[in-house]
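Here is a short briefing on one protein chain. Please have the sequence and the model open as you read.

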Amino acid sequence: MTDTATSAGTGDAAAGAAGPALAEWLAARSDPELVTLLELRPDLAVPLPASMAILAARTEQRASVLRATDELDTLDFAVMETLVVQGAADGRRAEPVPVTRVRKLLRDRVPAATVDAALAKLRARAIVWGPNTALRLTTAAQEALPWPLGSTTELPDALAEPEIVAALADSTPQERGLLEKLATTGPRGRTRDAAPGTPEDRPVQRLLARRLLNWIDEETVELPVSVGQVLRGEPVTDPQALTPPRPEPIKHSPADVNAAAAGEVGELLRHGTSILDALGQNPAPALRSGGLGVRELRRVAKQTGIDEARLGLLAEILAAARLLDKGTPEPPPDPDSTDDYWAPTTTTDAWLAVVPPRRWVVLAQAWLELDRFPWMIGLRDANDKPLAALSAELRNVHAVRDRHTILRALAEYPSGTEVSAADLGRVLAWRQPRWRRHYRLEAVERTLAEAQALGLVARGAVTSAGRALLHGSPEDAESEMNSALPDPVDHVLVQADLTVIAPGPLTPELQDRVSLVADVESAGAATVYRISDTSVRRALDAGATAAELHNLFTTHSRTPVPQSLTYLIDDVARRHGRLRAGMAQSFVRSEDPALLAEVLAAPVAGALALRAVAPTVAISQAPLGEVLEHLRAAGFSPAGEDSSGVIVDLRPRGARISARQQQRPNWRPNPPSTEQLRSLVAELRASERAAHARPGQAVRSDGSRTSTAATLNLLQLAARTRRPVHIGYVDASGVASQRVVEPLKVGGGQLDALDPVTGAVRHFTLHRIASVALVE
């Protein structure tokens, strides 16, 4: 970055007029440097400043300076504090600070080149400005320091973290409570026990003696910054440490990391499918606040066998991926109810149909862009009530930024490198001390735990698929995960105890067929299925035949099919379908009149209001599904059929909610592109040139016919003589600007003029031109 010093800059600084000097320094910046400034501080460009003086005023605004310093590290703040102590932030100081003095003050701790790099970083944000011989600091920068003034420039007099932990361990409950109160409400407290002569056994005096409190005056004590950080579980930041912490990483094989992640992804997809199935069969009523209640969460957890904490995380991810939503499902659980329910959306079936790596990418991307903290489920709010899953209270504007920052910091280390959550928090707190509360140990640990459940992190290291997704390449992430996941198997192992073992993930077709005839007994790397009368009947109800079931196991089992399984299938198939039910509203028929007579004599006939219309046929006004359910409960084995006598699959398909278009949160700004910023800088240069032009003959329009004619005459004169004019223009948004242009053509209610800065032809509506002046 250039450090051109203007003669007016030093004179203005000496006179105490920092604003004009800063404006001239900004005007001396090149266009790429101004574009960089607006990229780093986009709030300066909204609305477009009309002059360098306005831009300079915005760079000194407190709110803008605080935002601009959020990304600065501990070394940057050390340089800023040094400039504050040397008076560079005081606009009335006659002699600004030279860079050689800053280097000298910090030379014992960091090299001069490192100081220069920090100054370049601060200059790019216009927090520090001026040439190397006369550095200035924005006045509001002192308020942005993340610790009390002097923490960096003065000798340290604070306890180290191990000393603080040891001292807190020796504190009494009363002393600990006093310290925790100050840590949560504010560092300073008033007490009479701070006065000299107070007995030494008083809690405040004991804490002062062990330097867990600092003495301010006879009635005031202050909690040291590092003690408050330990009490709040934040990384302890040392303002004196001007080099980043060096974690002690643990090296793993990238293949082992990816293999561990593949196991997690298999569980993730299986559990996600189980949750969608459970809520499809029995949608969960939504709370009045919109969340998922604890009772419903426990019900689904019991039904699926998933831990409640994990269930809450997966529900949040499924909702973010638009696979789960709140509304009125079809079919509705209760037609008379107007309440909302949590149920799968219509996009669920499409998601279930794609290959596992693509299903994983959908969930992982949804979590990365989730503007909520799922790990806060179960914590207490301000009213001491537990936070519910899917509730609005979990939303946080910093969630996406914090999550990406933590994972990107871990991804900076080589593949297979494990870094502890504590070390990662310390690194992030050094890099962004103003955000250190976001990187407390609990937040980092729980974020990494969620990333591990998603397969983005395994064994404390970012996976290959996770790195690809963080770099914005879902296709590469899908490919990496496809390589990590084990290949689907096309065989099973049938055991004599009527269990079926799948030694890995089955092919989709085989998975559907086995799930139809068997129930999952245990899941993991190898899934165990159990075959029973009910499961075989379910397969027959879906239209499968006994021959097809025999062929399934004969073809795909690597072990001999036990005789017990053959007998079970044949026995259930022999009894299945001898009794047929259809719609009369429903009917029941059987080729065996004795069997139908047995049904009519049973109590279930009265419940269904069955009436015989022939020796082999009876009818009922109950729905077909209800007839089948009651007959099976009574010990019979009916099969459903359609009007042609073909067995129909009457399995419930599950409720679905129409997928809604996801709305982008309005608090997440869309930053301008580099091209847009270049255009803004060109507009700023044009306005600046117009402000410094010397006007000659001028005409100001008041909207009257006379003034409009005068404006046209002056513009036509300028176009004929090719003289530049200074115009005041109000655009369609009502924004007024000044600029110098060279008129080319006037007519049709429009002025065509050449912009001398950009060389482009601009078009101006005549009635929006408020003033015109020839430029001398």
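Where is the place of arginine 322? Arginine 322 sits in the loop between helix H15 (308-320) and E8. The model is predicted.

**Backbone geometry**
- Most residues other than glycine have a negative phi, and most peptide bonds are trans.
- Arginine 322 has a positive phi, near 60 degrees. Arginine 322 is partly exposed, at 32% relative accessibility.
- Leucine 390 also has a positive phi, near 65 degrees. Leucine 390 lies in the loop between helix H17 (356-368) and helix H18 (399-411).
- Leucine 390 counts as buried because its relative accessibility is 9%, under the 20% cut-off.
- The peptide bond between valine 46 and proline 47 is cis, with omega about -10 degrees. Proline 47 belongs to the loop between helix H3 (31-40) and helix H4 (52-59).

**Sheet**
- An open sheet of 3 strands runs in the order E7-E9-E8, with antiparallel pairing.
- Strand E7 (284-285) and E8 are the edge strands; each has a single partner, so one side of each lacks a neighbour in the sheet.
- E7 and E9 are joined by 2 bridges. Proline 285 faces tyrosine 341 in E9.

**Salt bridges**
- Side chains of opposite charge can pair when their charged atoms come close. The count here is 39 salt bridges.
- Arginine 176 pairs with glutamate 180, with the closest N and O atoms 3.1 Å apart. The two are 4 residues apart in helix H10 (residues 173-185), so about one helical turn separates them.
- Both ends of that pair are partly exposed: arginine 176 at 32% and glutamate 180 at 36%.
- Arginine 188 and glutamate 222 form a salt bridge at 3.2 Å, N to O. Arginine 188 is in strand E3 (residues 188-190) and glutamate 222 in strand E5 (residues 220-222), so the pair ties together parts 34 residues apart in sequence. Arginine 188 is exposed, at 52% relative accessibility.
- Glutamate 478 and arginine 358 meet at 3.3 Å, N to O. Arginine 358 is partly exposed, at 43%.

**Surface charge**
- A patch of negative charge on the surface gathers Asp334, Asp336, Asp339 and Asp340.
- Aspartate 340 lies in the loop between strand E8 (324-327) and strand E9 (341-344). Its relative accessible area is 34%, so aspartate 340 is partly exposed.

Conventions. Residues numbered from 1 in each chain as written. Predicted model: local features only at pLDDT ≥ 70, side-chain atom pairs only at ≥ 80, totals over all residues. Heavy atoms only, no water. Patch = residues over 30% accessible without salt bridge, like charges linked within 9 Å, V, L, I, M, F, W, Y side chains within 5 Å. Areas by Shrake-Rupley, 256 points an atom, 1.4 Å probe, with all protein chains shown as cover. Salt bridge = Lys/Arg side-chain N within 4 Å of Asp/Glu carboxyl O. Lys, Arg positive; Asp, Glu negative; His and termini not counted. Charge placed at Lys NZ, Arg CZ, Asp CG, Glu CD. Buried < 20%, exposed > 50% of the residue type's maximum accessible area, 1.4 Å probe, protein only. Pairing = 2+ DSSP bridges.
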